[in-house]
Amino acid sequence: MTISKAIVATHRFGLGPRPGDLDFVKSDPQAWLLNQIGQKSSIAFLASAEVLNRQAQNRQARQNQDEELSQRLTRQLALAHISDAATRIRHSITTDTPFAERLVHFWSNHFAISADKAAVSGIGGSFEGEAIRPNIFARFEDLLMASTKHPGMLLYLDNAQSTGPNSRGGSRSGRGLNENLAREILELHTLGVNGGYSQEDVTNFAKVITGWSVATGPAAERFGEIEGSFAYLELAHEPGDHRVLGRNYRQSGIAQGEAVLKDLAAHPKTAEHIATKLARHFISDDPPPSAVAAISKSFLDSGGDLSTVYKTLLHLDEVWDEERLKYRAPNEWMVSILRAVAYIDNQSTGIRDNQLITSLATLGQPLWRPGSPAGWPDTADRWTSPDSLGKRIEWADTLAQKIGTNLPATEMLNTLYGTEVNPELVMAVSRAETNAQALVLVAMAPDALRR
Amino acid sequence: MLNRRQFLKASGAALSLYHLPLGAETHLQQRFIWVILRGAMDGVSALVPYADANYEKLRGNLAITSPAGGNASNKLDGFFALHPELTAFADWYQQDQLIAFPAVASAYRDRSHFDGQNLMENGGTRPYGQKDGWLNRSLQLMSSGRGLAVGNSVPTVMQGDFEVESWSPSILAQPDDDIYARLGDLYSGDDLLASKLDSLMRTREEVMSMDMEMSGRSNGLQAFSQMINAASKLLAADNGPQIATLELGGWDTHSAQGAETGRLANQLRGLNNGLATLKEGLGDKWTNTSLVVMTEFGRTMHANGTGGTDHGTASAAFVAGGAVKGGRIVGDWPGLAESDLYEGRDLRPTLDNRSILKGLLAGQFGLSEAQLAEIVFPGSGEVGILEGLVNDLV
């Protein structure tokens, strides 16, 4: 096998090679990727139950006007967020299964929650750790179910308080529906915006998932059916049959919502939507329809078995094209540079947790904070602004100044491309005034910005 | 990639419609700043129809009741008032420098934020129907000009063949000039990177020559104000950009929206303070400025079950600045009776946002009716130009 296929495997499907990776991968790049399917990584994030618990204590402290305790708890949550986020970034930089990690990032972004909403600050790690990581090799239905039941999602898209107007709780309190989660499940998580649903479908689906809430608070504790940090509150559930996408759902309780989610997960529009997103992520901004169709078919034929879908993806001819069509998003780019310089291992000049986190924010992609339930856009026009390019140059320069002469730029070139380096880049590196300057050129070269 | 000349040639019919703008220098001194509120701002909380008999009934705890309760300071007339946090807006209205539009919508009639924002920005007739944005196309039509996206990314409305600049403050150290020159060489065979680097260099040069406050980056509303404080210096320069965009998210108030105080009030305060800072920073250029505040759509008129509002249709829009013939409410009020509501739930649109934008682009930059109807907002022949929004150019 040629080195060029190893370059595609590590750059396009991984998070960029670490020193020695190309040599290791080149004997069978495709097998290296296929072997990562099924390799789940678990990361010790603060559990969502603990986050909810601390949030509840904090509310209590504020009610009791205990400023000091409230501030301490707020600070604890902020620190937990920093620790979780830094752990995630470090894991990306050091993992031996970078394709599996890319899939985690992909699904985390598909089911996006955003820490700019106060109710979910501190919960980003547990959402990824509890809903996404365990399910990326399962069926899409499992992933959808886990995401929808996670407190991160229920709080972020306001379902935790949504109440059926005719439920016991609703008729007593005057509370009612909130259609936010129902709409975004249809639009973003499953069918897609042109998936053929109506406003009535949104409203009815919102009724179906009334009572899907979180396991803290007096109502959940007294009346909830609790599964981990999820609670089903019959008290808030809109009674009766509900019609969604032409089908009548007669189930009672939580089974009604589960039935709708199962049907949505198996819907051809969902297959098409997911296939398009996967192809856009791994192939190009405008992926070939043939690739989308093949992935979509694999999704439908396998009953949404994601491992099967990834295998189909890796067997498409289109994905092995050597031309680099995708512009790396900031997280991918930063991680690929830090992997190439094996910087994290160098404790004498190591990066502190909050520097890692601040770096991503400066580069325009703060972790678990996309600012919208649609997640980060996956096309180049979002990341190629002049300012975005400028921030990368500044960041690369800051890193290069720290490294100084500790890592020759030629070594970084060798890590990234082996013998297949662009001659113009070799020339530019050889002409650089200092090693630090050469490192910036390597990090900012067209081949490093794309994969 | 097309340059301006090729663009005009390529657009065929447009060539004959194209007439040279009025005295170019006059146009170059104009400033058009489009402020995008992402997430769907609740219009009736910003521009409050306090005298509508149905308003408080529909809104319950979300109603802004202080104007009806006798607070005169934020009343615009006998029917509308501004949210109490919009103090600078109120001042501008008194100074005849603000127009408020009560029920504005784009051509979009569904309820997805992302499709709604895309359509509002691409300027066509359907989401993703145009590859570039209407402000970029406007820049292509101007005899010379600059466009600046304030922020780390370039929004859809500014994307296209005209090379716009973008800028946001940085907390990182500034590299030596040499590295930019070397990257320029490295990018010589890469059109995309070469053009982005060119554009970056132009802004960078200016920033380096100014005494820019780089107090850096924080999140949300505070960042908005800090970013504006620095960016207004770029906009105030005589050779500064004519067209600029600002973005502010956080308007998707499905829960705990609040009224005089609370989540939405905090958002409005951030907007108000940011734009007040912008006016200060613009200095004399304020005289030639129109500042346009728009959102992708409005929110439901009934409060939802969780102290908030869901996705709706029409919302309020505002145009402020020294260039604006203000002190007016423009556009019909559709009413809030159940039968008045769009699909029984939303504020019914009475004004197409493109009418407002066409009026400003014609008034400030001399774009013709045909250019506006066919190039800037393709397929908008039926959407008239709202005349008389801006003062005569001097």
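This is a predicted model: local features need pLDDT of at least 70, side-chain atom pairs count only at pLDDT 80 or more; totals for chains, interfaces and linings use all residues.
**View 1. Helices α22(A) and α23(A) pack against each other.**
Helix α22 covers residues 423-431 of chain A, and helix α23 covers residues 435-444 of chain A. Their axes lie 8 Å apart. The packing angle is about 160°. An angle over 145 degrees counts as roughly antiparallel, so α22(A) is roughly antiparallel to α23(A). The crossing is right-handed. From α22(A) come A:Leu425, A:Ala428 and A:Val429. They meet A:Ala438, A:Leu441 and A:Val442 of α23(A). This contact of α22(A) with α23(A) has six nonpolar residues, with no polar and no charged ones.

**View 2. Helix α20(A) also packs with α23(A).**
Helix α20 covers residues 386-403 of chain A. The axes of α20(A) and α23(A) are 8 Å apart, at an angle of about 140°. That angle makes α20(A) oblique to α23(A). The two helices pass in a right-handed crossing. On α20(A), the contact residues include A:Leu389, A:Ile393, A:Ala396 and A:Ile403. A:Arg392, A:Asp397 and A:Gln401 of α20(A) are also among them. On α23(A), look for A:Ala436, A:Leu439, A:Val440, A:Ala443 and A:Met444. By class, the contact of α20(A) with α23(A) divides into 10 nonpolar, one polar and two charged residues.

**View 3. Helices α18(A) and α19(A) cross at an angle of about 135°.**
Helix α18 spans residues 330-340 of chain A, and helix α19 spans residues 353-362 of chain A. Their axes are 9 Å apart. The angle makes α18(A) oblique to α19(A). The crossing is right-handed. A:Pro330, A:Asn331, A:Met334 and A:Leu338 form the α18(A) side of the contact. A:Leu356, A:Ser359 and A:Leu360 form the α19(A) side. The residues of this contact divide into five nonpolar and two polar, with no charged ones.

**View 4. Chain A meets chain B.**
The contact takes 57 residues from chain A and 48 residues from chain B. The area buried between the two chains is about 4100 Å². Carbon and sulfur atoms give 56% of that area. In chain A, A:Pro386, A:Asp387 and A:Glu394 lose the most area to chain B. Together they account for 15% of what that side buries. Two salt bridges are found across the interface of chain A and chain B. The side chains of B:Asp190 and A:Arg450 meet in a salt bridge, at 2.7 Å from N to O.

How values were computed:
Residues are numbered from 1 along each chain as its sequence is written. Chains are lettered from A and ligands numbered from 1 in the order in which they are written. Side-chain values use heavy atoms; hydrogens and water are left out. Axes are lines fitted to C-alpha atoms, for helices over the stretch in contact, and angles run from 0 to 180 degrees between N-to-C directions. Helices (H or I, at least four residues) and strands (E, at least two) are DSSP runs, numbered from the N terminus. Angles under 35 degrees count as roughly parallel, over 145 as roughly antiparallel, 65 to 115 as roughly perpendicular and the rest as oblique. A crossing is left-handed if the near helix is turned anticlockwise from the far one by less than a right angle, and right-handed if clockwise. Contact means heavy atoms within 4.5 Å. Ala, Val, Leu, Ile, Met, Phe, Trp, Tyr, Cys and Pro count as nonpolar, Asp, Glu, Lys and Arg as charged, and the others, Gly among them, as polar. Buried area is the accessible area (1.4 Å probe) that two parts lose on being put together, summed over both. A salt bridge is a side-chain nitrogen of Lys or Arg within 4 Å of a carboxyl oxygen of Asp or Glu.
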